[in-house]
Amino acid sequence: MTVPAKAFQQWLAGVAGTTSHAAVCRAAGIKRSTLAQQLVRGRVSVATVAAVSRSLQLPVVDSLSAFAKFNDLATGLKPPTSAELLSQVSDTDLLTEILKRRQRSDAGPDAAVLELSPPHHRASVRTWLDAVGPADLRAQVAREVGIAPQNLSTQISGNRLTAELAVASARIAGVGLANGLVASGFLSPGEAGWLPGARSVALRQTPDSALVLLAAERLESLGRTLRRIEADTDAAQKVWENLG
Amino acid sequence: MTAILQWTALAACVICTLWRFPAMRQGRNRGLFWAFAMATVSVALSIPAIYVSVDGLLGGVNIANVILRLSLFTVFFLLASKVAAAYNSPLARRMIRGPVGLAVLILCSAGIWITYFASDLHGSSPGLTLFAEQPSVRAYAWFGKLYLAYAALCTVFPTWRAASSGRPLLDRAAAMSLCAGFVLVFAASLVQMTPWEDPPQLLGILSFASILLVTAGLAMVWISFIRRPTAL
């Protein structure tokens with residue numbers, strides 16, 4: 001996922017003035033050679049833009065909006081829906097919350113609030129797409145961006161989503177444009193304009209029944225993933241057994 | 001040049017056999033050890049100097065060539081059934097170890113013996129080049145190639161399927177390399193079985209490349225085996 005080098009140079013001149021590339025790279029924690037290579041190839045990765053932007057204390061969303069591909073990103077921010085917030089709660093946290101509620105109803109109140117793990121959990125891309133989308137969201141996104149559906153599937157099962165795909169998905173689903181970037185781990189929730197603790201609040205406000213049904217869905221897809229992993233392991237094991 | 005390649009291949013086979021020896025003693029993958037041991041015999045006997053002296057000890061009637069052919073059959077039988085099991089293809093395993101596979105193996109071995117006794121082969125000759133004009137010697141060579149082509153063909157499909165699956169890159173590269181090696185074995189055997197004027201350069205390249213590819217494939221499997229997650 002890249003932006004044109006020329007646009008990057010213009011943006012950098014605008015935000016960093018005359019600071020040398022070497023200084024910019026040092027501050028952003030990227031290798032000088034990496035940036036040089038990206039500039040030579042004419043394509044600078046969005047990760048570079050984000051790193052430079054963070055090192056200059058600029059909002060990443062505003063920085064990305066300076067590029068044609070993302071020009072409506074900053075104006076398209078919307079607070080996440082509660083389904084989106086819940087999609088960014090990990091399976092473990094979800095199940096822990098259910099157990100805590102059961103214990104509370106059995107043994108009386110317990111004041112401790114569950115400390116949630118970070119939003120980019122093991123299947124956060126898939127859960128976010130499922131939370132925002134109509135059933136054919138993936139097909140629409142693949143068509144819109146012009147990539148093969150199986151390439152999109154590969155990214156999703158690897159829990160990755162390029163910035164372009166994340167923004168396109170959010171646009172099609174009609175949610176805040178930066179929300180998919182949180183699910184893919186590119187932005188922190190704060191950078192996308194999510195209120196601190198929003199996920200905890202959404203989790204607490206979800207009724208027991210909805211929570212249990214959501215957990216059941218998560219466990220089902222976790223089961224499918226595990227079965228695939230086990231089949232792969234068995235296949236590898238068989239090769240090692242016979243030829244190793 | 002050919003001699004250097006042959007001696008190098010022999011050294012590689014001896015090293016592999018010795019290396020598999022401890023695993024064989026522990027009872028792990030005995031088949032692979034025997035495949036390498038037989039490969040060592042085959043490669044050694046395809047070197048003229050060794051062939052002539054061994055055949056001299058055996059009476060100078062080219063019985064060493066029969067040993068060479070049969071040990072090659074053994075190599076392919078063992079290797080092909082291991083590969084079929086490794087890449088989880090019951091069909092390929094049946095085609096090698098099942099009734100059909102054994103029938104082809106027995107037919108080819110019987111063909112080797114019958115044509116051997118039907119030929120007049122006095123005086124050691126590596127590759128039987130001195131007797132090439134006898135029809136029974138041509139049939140003998142044909143049987144020798146038939147089984148290799150058959151066994152190689154059986155392993156092409158399972159390895160191809162593994163190479164185009166969603167396995168990790170190293171495992172797919174290993175399967176691809178094995179697959180390409182077996183395709184070349186098949187191609188080389190086919191070229192030798194046809195009555196065309198054999199282009200010797202092409203044959204040499206095919207055979208040597210196939211050995212290299214199969215070895216590289218096995219090496220990659222071993223690398224993947226060494227790097228396997230230990231705690232599961």
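Analyst: Between chain A and chain B about 1300 Å² is buried, with carbon and sulfur atoms giving 62% of that area; buried area is the accessible area (1.4 Å probe) that two parts lose on being put together, summed over both. The side of chain A that touches chain B is made up of five nonpolar, three polar and two charged residues, where Ala, Val, Leu, Ile, Met, Phe, Trp, Tyr, Cys and Pro count as nonpolar, Asp, Glu, Lys and Arg as charged, and the others, Gly among them, as polar. This is a predicted model, in which local features need pLDDT of at least 70 and side-chain atom pairs count only at pLDDT 80 or more, while totals for chains, interfaces and linings use all residues. Residues are numbered from 1 along each chain as its sequence is written, chains are lettered from A in the order in which they are written, and side-chain values use heavy atoms, with hydrogens and water left out.

Within chain A, an automatic or database domain assignment gives domain 1 (2-70) and domain 2 (82-220). The area buried between these two domains of chain A is about 650 Å², and carbon and sulfur atoms give 73% of it. On the side of domain 1, Arg54(A), Val61(A) and Phe70(A) lose the most area to domain 2, together 53% of what that side buries. Arg54(A) also meets Glu191(A) through their side chains in a salt bridge (2.7 Å, N to O), a term for a side-chain nitrogen of Lys or Arg within 4 Å of a carboxyl oxygen of Asp or Glu. Across the interface of chain A and chain B, by contrast, the rule finds zero salt bridges.
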